[in-house]
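This report describes the fold and selected side-chain interactions of one protein model. The sequence and the structure are shown first.

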Amino acid sequence: MPAVSKGDGMRGLAVFISDIRNCKSKEAEIKRINKELANIRSKFKGDKALDGYSKKKYVCKLLFIFLLGHDIDFGHMEAVNLLSSNKYTEKQIGYLFISVLVNSNSELIRLINNAIKNDLSSRNPTFMCLALHCIANVGSREMAEAFASEIPRILVAGDTMDSVKQSAALCLLRLYKTSPDLVLMGEWTSRVVHLLNDQHMGVVTAAISLITCLSQKNPDEFKTCVSLAVSRLSRIVSSASTDLQDYTYYFVPAPWLSCKLLRLLQCYPPPEDGAVKGRLVECLETILNKAQEPPKSKKVQHSNAKNAILFEAISLIIHYDSEPNLLVRACNQLGQFLQHRETNLRYLALESMCTLASSEFSHEAVKTHIETVINALKTERDVSVRQRAADLLYAMCDRSNAKQIVAEMLSYLETADYSIREEMVLKVAILAEKYAVDYSWYVDTILNLIRIAGDYVSEEVWYRVIQIVINRDDVQGYAAKTVFEALQAPACHENMVKVGGYILGEFGNLIAGDPRSSPLVQFNLLHSKFHLCSVPTRALLLSAYIKFINLFPETKATIQEVLRCDSQIRNSDVELQQRAVEYLKLSSIASTDVLATVLEEMPPFPERESSILAKLKKKKGPGAVSASELDDSRREGGAELNGGGGADRVPDTATTVASTASTPSPSADLLGIRSAAPIGASSTNAGSLLVDVFSEAGPAAAAAAAAAAAAAANDDDGFLSSAPPSEDPAPPLSEADELLNKFVCKNNGVLFENQLLQIGIKSEYRQNLGRMYLFYGNKTSVQFASFSTAVSCPGDISAQLNVQTKPVEPLVEGGAQIQQVLNIECLTDFSEAPLLNIKFRYGGALQNITLKLPVTINKFFQPTEMTSHDFFQRWKQLSQPQQEAQKIFKANHNMDTEVLKAKLLGLGTALLENVDPNPENYVCAGVIQTKSQQVGCLLRLEPNGQAQMYRLTLRCSKDSVSSRLCDLLALQF
């Protein structure tokens, strides 16, 4: 850039600025500014023509006055005239004035555009850069219309200087962000992508920002950038700090460019080319290795640059979710940061581990850091770090550690910051419900939650505990006893009174045999809280009182006296007054039979998914839910807890007339995987176990769903499709088997991804039933039309599996995601997978994709714990040749112990420790649950690390299962 001569110092400007700063008051400043404005105006209007230096000086003064907050209504033409100067400083001031003061509606815009065009075509690199900076700073649609076609040509021209290329790339990025419809790369696409190979690192750094933005909108057009990005990243990662001296920052080669390259790769699925993928894996391994090396400098800038690259690499590993070894290594690296003295590093490590916890491969590795995370929750000074620790505990929770994590979160709640208490309460409630095996523990946890943080317990939480207690006969007595004891505390939260009133009103008779909790004692205990409660709670207690009259006739006189007092029947609140009057009259005139019918015990609620998850998502805000909570997103489908719309609320026990029809006992599964059969549905119907997932709005919808299930049972294909296909389904993709094999040992992840569509999957299985959630994501900015899916069970599988689907929306907006629920019932063992066909129109062209649904026989495993004696005794019993299947094969992946264990656990069997005499071997046991029979399976995996070989042996009570499992598993190790 040209040097500024001494004569360009503009002494007059310096004197003016000094005068302004020396003003003692606002009035003095305004007076001095007005004087200067008058002087400038007279100079501009004078007969004497001003030279370039004077124009520059006065335009600078106007610019300074504008920046002080004063309006400028003249001088624009003089600034435009400066653009035609051949002096750099004058042209620079002219562009600066225009960038700051001229808006896109100015009448001068045409003159400005002409001046910019002249500079762009001048081939003077300094002038070209000034023009490009001005276009980017203004960034208006008019600028885009005028120059969007010109700038790509400058960017890719062979004779353009490197500094101009950098400016052109960033200018084009600015225009694309403001007017994407006007910036059409077209013929320039491949040449822009090849800027990643440019010798000048500054050009590559600028170009990659542009390519990343373009790839997010048009991934298919720029997919060739993946191999070039990997190549460039490989060269940087493998280079020494002395190789890239101009771009080495505190001994870290090109950290900004490395981060941008890693971020670009996150726009695409893993490379399909084996060589490119192998090179990328090497890069990621090198980055992880360098993180373990001792620092080359003690300066914070060195560690910041090094860690920035590391965290971007870990984000890419998580995005791919296909390299178990890298995922486990990333987890271990993050685990080291959990105890780092730098707060920001601890925060980022916790945040990244939340995402890692959702991967089947790294979940077990994340769990090993549970004590460190719990310690962080208790001792961290920064509330944001404590919140991330709570998020990570929530993400790593499963059946093996649920009680420990819930206990720690409850303990922390007592001293938690008020800003995160409500979210903590929701998470505790979700975990307690999701992983409850012992329902008495669930009841204890929720009541403890209300006691500790009652003000932050939302209605959804206490509604849910009541619904579960009502649906579970075996926990009702315990809940009544526990809530009765909780109400005896001198200070009792109002939410506890609500739960106590409801449960004692329904099930108080189960503890009435104990003199310490006799009917009158229960009533007096509830009524002692009455005057301290709000109106809605008092209304609920009045309903509990009328229930008491039905349950305990001996309390009738006492309760009638309470209802009869003036504070009730003359209450200023209309709701309380009406209840008191109606309940009093009902108890007085109704016969015992009528009273028993009207006040009959509440029937079980239909099993629905918890709405607490939806509330948690809403609280955290759109896009704030981590990947570990993919399962939460399935709640967006509109299925409210216990009924559609307002049915999420617990019905008033007294105003709801109970049905006299018999109701089937509800499912024992809190997650609602095995839904109860709808009223009136035949128990022999193959679809009846799964049908109520279609019920959105009470009995009518349930009946319609039952009819749909009956139709499905008579369907030749045994499934419900979301739309009748207008064209024949395409044959399965060539990589369908490979995609299927990815999910043998995991239930969650990305099933399929191309440049248009991403299909995510989340599934869960219990005994012979499964529920699968498919998430269809539109990766483009264009709407998918006529979107439809169909599941088919060709050949023998139609008699082996029963698959029901819920229809999908026919339109998928750009960037949007929709979900589909599939219910699966295993009737008998099977070897083939159902087919999923997806059809939609993109830009008028039909897209027809067929995949294999990742439903394999091992999904229906029930893990079985065994001692060493029992295992080998059963092993010998399964000694017939047809019951055994064995394969000896070369290792396909690294023989990492933790990864092997994670895969065997993901298989669904129980991993038996200390059973095999050889500690290097792995043995597992499980029972495959089908509707027609149970198939016992024993597995033995013998690794030979020296030869990099495995011997896999399976013995099952059914020969076809042995061979199928052996074929599936041989591809996993």
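## Overall composition

Of the 973 residues in the protein, 54% are buried, where buried denotes under 20% relative accessible area, exposed over 50%, and partly exposed in between (1.4 Å probe, protein chains only). This is a predicted model, in which local features need pLDDT of at least 70 and side-chain atom pairs count only at pLDDT 80 or more, whereas totals for chains, interfaces and linings use all residues. Residues are numbered from 1 along each chain as its sequence is written, and side-chain values use heavy atoms, with hydrogens and water left out.

The secondary structure comprises 39 helices and 16 strands; helices (H or I, at least four residues) and strands (E, at least two) are DSSP runs, numbered from the N terminus. Among contacts between residues at least 6 apart in sequence, 69% join residues at least 24 apart, a contact being heavy atoms within 4.5 Å. The protein exposes about 42600 Å², and carbon and sulfur atoms supply 50% of this area, computed by the Shrake-Rupley method with a 1.4 Å probe.

## A five-stranded sheet

Five strands form an open antiparallel sheet in the order β3-β4-β5-β8-β7; two strands pair if DSSP finds at least two bridges between them. Strands β3 (748-753) and β7 (801-805) stand at the edges with a single partner strand each, so one side of each is left without a neighbour in the sheet. On average, neighbouring strands of this sheet are turned by 25° against each other, direction ignored; the axes are lines fitted to C-alpha atoms.

Within the sheet, β5 (residues 769-778) and β8 (residues 817-826) pair in the antiparallel sense over nine bridges. Phe775 has Gln819 in β8 as its bridge partner.

## Salt bridges

The count comes to 37 salt bridges, each defined as a side-chain nitrogen of Lys or Arg within 4 Å of a carboxyl oxygen of Asp or Glu. One of them joins Lys427 and Glu423 (3.1 Å, N to O). Both residues lie in helix α23 (residues 418-434), four residues apart, about one turn of the helix, and both are buried.

A salt bridge also joins Lys547 and Glu506 (3.0 Å, N to O). This pair links distant parts of the chain, with Lys547 in helix α29 (residues 535-551) and Glu506 in helix α27 (residues 494-507), 41 residues apart. Lys547 and Glu506 are both buried. Elsewhere, salt bridges that share partners join Asp19, Arg32, Glu36 and Lys61 into one network.

Technical notes: Axes fitted to C-alpha atoms, helices over the stretch in contact; angles between N-to-C directions.
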